[in-house]
Every structure is written in C-alpha cells, then in structure tokens.
Amino acid sequence: MHNDLNTLFLQNNTGERIVDSLPVAIYMTDTEGRLKYYNDSAVKFSGREPKLGTDKWCVSLKLYYTDGRPMPHDECPMAVSLQEERSIDGAEAIAERPDGERIWFKVYPSPLYNKEGELVGGINVLVDITERTKAEQALQESEEKYRTIFETMDEGFCIIKLEFDDNNQPVDFYYLETNPAFEKHGGLTGVEQKSIHEVLPTIDEKWIKRYGNVVLTGEPVQDVLYVESLKRWLDISAYRIGERGEQKVAVLFKDITKRKQAEFKLRKNRDRLLAALGIDTVGVLFWEMESITIKEVNDAFLEMSGYDREEAVGKTWQELTPEKFHPISNQAVDNLKKNGHTKPYEKQYIRKDGSRWWGLFAPRVIDENEIVEFVLDISERKHVEEEREQLLRQVESEREQLSDIFKQAPSFMCVLHGPDHVFERANDYYRQLVGDRELIGKPARKAIPEFEDQGLVGLLDEVYETGEPFRGTDMEIMLQRQPNTEKLEKRFVDFVYQPLRDADGSINGIFVQGVDLTERHHAREELKAINETLEERVQERTEELLSYQSQLRSLASQLSKAEENQRQQLASEIHDNLGQMLALGKMKADLLQNIPDSADSSGAITDLQEVLDDALRYSRELMSELKPPPSIDGDIKAAAEWIAERLEKHGLKVDINDDGRPKPLDEEVRITVLQSIRELLFNVVKHTSEKEAVILLRRSRDQLRVTVKDEGEGFDPDKTEWTPDKNGNFGLFNVQERIDLLGGEVNIEAKRGEGTKVTLSIPLSGKAAAREEEEPEETPEPIHKSKVPQVAREERIKVLLVDDHQMVRKGLRKIIEDQDDVFVAGEAGDGEEAVSLSRETAPDIVLMDVNMPKMDGIEATRRITSEMPGTRIIGLSLHDEKRVIEKMRSAGASAYLTKTEAFESLIVTIRAEASAQGE
C-alpha cells in the first residue's frame, strides 16, 4: 500500500500537492537514479534547484561520509537502495550546499513498484539533523575541555579521604585520586589508595589535623609546607568536597622550592642582586617614603607595566593600583612606616593601556627616606587559579547533584571505582543493607568479604570487563550485618550493576542500585502463617479485609474509567484527523474528476477515489468498534444493540428484549454494565456451539436487571473456581468484582448441557434515579422574529459553515465559492460559535457538523431552529448510521449528508433547501 500510494503521488497533481506541503525534503527518481520529482522542502534543503531528468541519485551537489570523506553519488544510500532493491532506515551523511554550508542529515530511501510488482523508481526522505549533531559535538568538546584542564593544569591536584578515631580526631588519610602534575610537584608516584603514613612516614601530624579540621568545619586551608623527606617547599590549598560525612578533601599544591630558594638568596645577597637589577626578571620600584611616589624602577617593571622610565617616575602608589586594592596598599604603607617591613601580598596593577595584571609584592624599607618593592608577575598563576576554581565549582556542583540523588532515592545505591571496585560513595539505604562497617576507600572484596564467597564480586569483575550491565532479580544473599560476629543474615534483593565510563568511553567504575525485598519476603511468610490459621483469626483480620476491598473497588473503578476514556480518545483522534482529512481528500479528488483531462489521468483519479473510499470505510468501521455513535448517549438498550451488532461478525445472533421503562445510569455504572454485557456475550461465542443469546433489560423499582442467557453447553457453578483466567481476561470473576463494587449482585444459573443464565442486578444511584423526577432542562427562550437581526434577502443563498476541522471548512468553502448563486457568510468551529454567528448573520442555510467540542451539532441545531425557524439546517458527518440521522432530524435538521457524498449533492441540496425555505 505504501508503494501504491507513492506511485499515485507521482501520477497526479493531487499527490504532488500533498507531498509539496510536507516540511521534510522528499524526492523521487527513476530506476536509473535520474530525478523525476522533488518538493519545495528539498530545494530549501539542498540550497539549489535540482535538474529533473539530469541530476542523479540526490538533490545535493556534494555528499560526504560522516567522517568527512567525499561520498560519490552512485554510493549514496538512494543508489544502494535502488541497486539492492531494499529500504534503508536512518543512514547518516553530510550534504554541502552551493554556498559551502554543510548539513548533517538522515535518509530513508525506498524502492517503488507498480501494481505488477515491477521496479519503477525510488523515493527518499531527508531529515536535517544538523542542530542536534552540533549540540552533541559541542557537549563532547566541553567535556574534553574540562578533562584537559584537569589533566594539564600546572598545579598538582589530589583528593584524599580522612579517617577519624572514636574521639572524632583525624588520624590518617588516603589518596583517592591524583592528576599528572601531582608527581611533578609532589615528587610522589603510585600513591592512589595508599595511606599518607605509607607514602611519607615522617609526615608532620599537624597537617593530618589541619586536613581533618577542613572536613569538620568546612574552612579551607592555604599555607606553605616544607616536606623534609622530599626536600621541597609546597604552596598548598585544601578544600572540603561533598558532605561532611564523606570526609573528603581536595588539595591543590605547587612546588615553590625554587621560589623559596630565590627568596632566601635574595635576602642574603640583596646588595649584589640590586646591582644586577637591569637584567633580572623581578620588577623593582624605589619609592619616596613620605609621598609614596616612584623614584626609580628597573627594566623588568617597565616591561610589566608598559610605561617608559620617564612616565613611571613620579607616579603615586594609588595611580598604579585599582581603587579596590587601595586599603591593602595603605595598610602595607602603615606597616612599613611603623615596622620597616610588611608581609608579601597580592594585588593588581594598572598597565599603561588600561589592562590589569597580577603581581606579588614584597616592599621593604631601605632607610628612613626610601622604600624598595620587589614585584613578581603572577598573572598566569591567577588565571590558572581562576580556571581551577571554576573547575572545582563545577565538580562540586556535580557532586552535590549526585549527593541529592543518593539522599533522596528510595533504594540502596553505591559507586565503585576501578577494577578493584573500591567504594567511592554509598547511601544510607546501602549501609542499612550491609550493616555497620567501613566502606569508603576500601575494595569490595575487603569491605564485604561475604560477597566474594557468594560470587557477587565475580559478577562485578564481569561487568567491568565486558561493559554489559547485570540485573539480579529476587536474589538471596547472606550478610554479616552485626559487627564482631560471624553470624550471617539472609537477605533478598533486586539489584542492577551498571558500568560507568570516562569521556573516552573506557570503563572506570560500576554503579550499583537495587531494592531490599527482605521485609516483603518476611511479610509473605507471615501471611502464609496467618492463612493456615485463618478461621481462628477472622475477626482480627476483618477490618484489614474491608480496607483491602475498599481499595480494590476504587482501583477497579478507576480502571473502568481509564479504559473507556482511552477508547473515546482514540475514536476522537480518528474522527478529528484521519476521518476529516480523508473526507477532504475525496472532495478534492471528486472536484478534479470534473476537470477535462486525458483518459490516463481520469483513471488515476478513479484509483485514488477508491483508495480514499476504502480508508474512509475503514475509519468508520474502526470508530464504530471503539466507540458507540453519538446517538446512543446514555440509552442502555441502544448500547446493547450496538454491542450485539459488533458480535454479529463472530456469528452470534442476539435478541434484545426491553421493558420500555426509563433506565437512567451514571457514566461509571453505564461503562461497567456495558463491559459486563460484552464479556458475557463473548463467553457465549467462546464456550458454546449454539451461537444465539437473549438479553433481557428490566427495571424493578430502583434497580436495573440485565439478564444474558443462552442454550449452550453450560457448566457446573459449584465446581468452578472464580478466578481470572491465565490471560487476565475480563471473565466472570471480574464481572462479579465490578458489579459488587457498584453495590449490585450477580446471579448465575447454569447446568452442564442445559445452557447458562446470568442476571446482573445494579442499583440505580440516587443521582441517576432522581433525574426522572427533575424538571426538564429549561430551553433558551426563543428569540422573537422581531429580535433576530433582519438582513435583507439577497438573490444569492447565504450559507454558514460549521465544522471543527479547518481543512474541511476550507474544502466546503471552495465548493460553494465556485457557484454564482451561493456564498459563505461565516465559519464556526463549534456549536456555541455556530449559535452566536447564526444570530449575527441570519443565514439561509447552515451546514452543521455533528461531532464538535463544547457543543455538538445536535444541540446547536436544536437551538438555532428554535430561535430562527426560517433557517434550514443541513447535517454533515462521517457517520451514516440511522440513529445519528434521526437525532439530527429530531433536533430540526431538514437534510443530512455524509462528508463523502458532499461533492455530488451538496450544492443541489443547498439549492433545494433554499427553495423550500420560501414555501
């Protein structure tokens, strides 16, 4: 059917117009690959007007594989599809437009065949995925960028895990992760997962305490440390990461041994260094003590600041320093005047061009009238620090998000790192599962040795090596959940091992998630014990049983509503989209048939009409299967007849006997009753050879009685177990359950070989039963003819179009506007709008759709004919059922047409109704 439709699109103008309107690029070729057709979207896609009959295989001039290699046109997916006579779904490639722009796209080529099965060409659909591809590439580049910063940053970086004693005092820490610069600045290798005492036995214990204080208080540490065993000076900054309970600290450090040695040397050889300042890289300024103005500078400072010597001499401290650094500079001056020295500090200087650079300043008093200041340009270091801070904030944010997930998730979770499956993180649910034991920083084999014996660690190894997830369902495990004991406790769990990957795709860990089902197992065992002594404990469990039944009823009621709502939603979708568009397609096809053309064209149009007729017939049948027609409403007899009609195709003949008394039902009750009738009739079809049944509908006071009986094989109710069948079908068990939740009863009379009789007794709710006693709904007071806007009668017929589908209204307008004696006075999309426009425009004829939102066509017809008796109503619908027609005529419609016959008889019917209006 797909190929037949595509062939039809190529053979007539209607098909081309439909394809032209699509927002995706589509083109067709002959069997040699030469272009025969393309739509407007294909022109936009390729950036050019392809040449029909000349261009081959594709609408684009240049094609490339996704790795950037040029793709010959005769190797493109369309060529492959035709050569191998197969469809290709979703292959990716790159097209280049004449202006040089490249587009990533997916293709869906398929070969086309005629009715005889001969290959006649191919069709291809091109989907632009450029924006999605660019977004994916940008994300990958961003991840690589941050990973590159971490790997290439000049400062050493490590994450450590603190250990505390029973008094909450830090006693040790372990290295969890290091970057490449760690070895450069720290001079240490292979430290991951090792204790600091293993790495540096002579470590000063004060640093363990300082890192522990970072964990406890969250206050960062920044200081300079001389490591005796390494003979190095380190500039260290430490920050807590994650929550306090995680006991982790991020440490950034840099080897400043050379700088410290330079400082020492500078102190010892000040005079000698000052003599050589002209060739040194350290900036030097000589300031006048009182005015703090520059007396002399060296070449290094001039290069840093961008000034020449004449411009620099005479400038004040404030002129060279941004205002926000004035307080710290003034404090330094006060310390110099008071003590003769001050600590080195960092601040910014303003260059001659207005830009700024960071410097480390160390001023000293030479004598009572002069200050010398040494300046080191640390701009590069500050930039690195800023990038480092940004990276740390990002890492911290990600860790916080992960922490939130761990805290809020209602299941146990942990993250294992590396091939040894070292615990990096575990939430409280996981700790509750495995008991009170140290996990973080330890391999799974050591932290939980029971897992090794039970093969769970072996499963971790397999997941880490293969990259394939593993799911364990209702697995029994043994755990030592109490410390200092060898007693093992049985637990039942569902869990998943999910591999974690780096940016390059390599596996670096495993994420474990699952649910502890032990309590559920215990509950089952307790329930089993209770069931064994159920008779002795009936009274104790009565309240629990009643609560369970109440919940079951509520859930069953919700299920009934959900099933019915789904049916109505599906039927509405078919009506509002497929049905309306097919009707419009037929109207346009009928219109084309009256245009003189060649015999071949006429034959193609006739074929298209047949296809559209079949589709319309199918949509009507499907709607009829899914949803009763609007004429049924709440009529239980009509609904039963509709069900019986549906079962005729199964060979079942149903006789319906109704007492004729009103049987008002609420929606929930009506849905359940119809489902029960349908299931009982299906039982007759499935279980009896006599394909005949009788339905009796009776009202007895405030109850509805529905009886379904047959003369089939029957069965023995006393030997039948009333449980749902293995397929979960809506059997007698569920009929009983649902009728029971309505407060009704099910009575079954059956005997093997003598047929079956099932009677449903359902109480009419007070709300439904009371409807018979209520006053009839007030109808709007008809507008007196003198109140209706009087529009002068014209020679032309004035028509109001009412349909909730804009495309249908457009098609109807086209038919009407081709006539000289008829014109469209207005359009409405629902019943309320139709009533309002009728009052404003006083139309001669109203074309009224039956199914519409807000107010349907039946009610709108009733109101318009009541207020304006002279207006003629022509009903329009996809339905051709008698009940729908009778409802419209009863409401006041004088004529009724299906949308499929609109072209042939619409104008004739309008003229006939207009003539009848004047009689």
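**Walking through the model**

A: Let's start at a helix end: D856 caps the N-terminal end of α29, with a side-chain oxygen 3.2 Å from the backbone nitrogen of I858. That is a polar contact, meaning a pair of N or O atoms within 3.5 Å; within protein, one must be able to donate a hydrogen and the other to accept it, and residues adjacent in sequence count only if both atoms are side-chain atoms. Helices (H or I, at least four residues) and strands (E, at least two) are DSSP runs, numbered from the N terminus.

Q: And what are we looking at, where do the numbers come from?

A: This is a predicted model, where local features need pLDDT of at least 70, side-chain atom pairs count only at pLDDT 80 or more, and totals for chains, interfaces and linings use all residues. Residues are numbered from 1 along each chain as its sequence is written, and side-chain values use heavy atoms, with hydrogens and water left out.

Q: Back to α29, which of its residues are buried?

A: In α29 (residues 857–867), the buried ones are G857, I858, A860, T861, I864, T865 and E867. Buried means under 20% relative accessible area, exposed over 50%, and partly exposed in between (1.4 Å probe, protein chains only).

Q: What covers them?

A: The cover includes α28 (831–841), β30 (845–849), β31 (872–877) and α30 (882–891). Contact here means heavy atoms within 4.5 Å.

Q: Is K854 buried or exposed?

A: K854 is exposed, at 69% relative accessible area. A842 is buried, at 18%.

Q: OK, zoom out. How many helices and strands does the chain have?

A: There are 31 helices and 32 strands. The chain has 919 residues, and 45% of them count as buried. As for contacts between residues at least 6 apart in sequence, 54% join residues at least 24 apart.

Q: Where's the largest nonpolar core, and who has the most contacts inside it?

A: That core has 37 residues, and L652, L681, I695, V706 and L760 have the most contacts inside it. A nonpolar core is a set of buried Ala, Val, Leu, Ile, Met, Phe, Trp, Tyr and Cys residues joined through side-chain atoms within 4.5 Å. Elements supplying at least two residues each include α23 (636–647), β23 (653–658), α24 (667–687) and β24 (692–700). The largest share, eight residues, comes from α24.

Q: What does L681 touch?

A: Leaving out residues up to four places away in sequence, L681 touches I643, L647, L652, V654, A693, I695 and V708.

Q: Switching to sheets. What's the order in the five-stranded open one?

A: The order is β9-β8-β12-β11-β10, with antiparallel pairing. Two strands pair if DSSP finds at least two bridges between them. The edge strands are β9 (170–178) and β10 (221–227), each pairing on one side only.

Q: And how do β8 and β9 line up?

A: β8 (residues 156–164) pairs with β9 in the antiparallel sense over seven bridges. One detail: E163 has D172 in β9 as its bridge partner.

Q: Now β18. Why call it largely enclosed?

A: Because five of the six residues of β18 (residues 412–417) are buried. β18 runs antiparallel to β22 (residues 507–516), joined by six bridges, and antiparallel to β19 (residues 422–426), joined by four bridges.

Q: What stands opposite C414?

A: In β22 it's V512, and in β19 it's A426. The hairpin of β18 and β19 has four residues between the strands, and G418 there takes a positive phi near 75°.

Q: Last one: where does V24 sit, and what does V24 touch?

A: V24 lies in the loop between α2 (13–20) and β1 (25–29). V24 touches N39, S41, V125 and L126, not counting residues up to four places away in sequence. V24 is partly exposed, with a relative accessible area of 30%.
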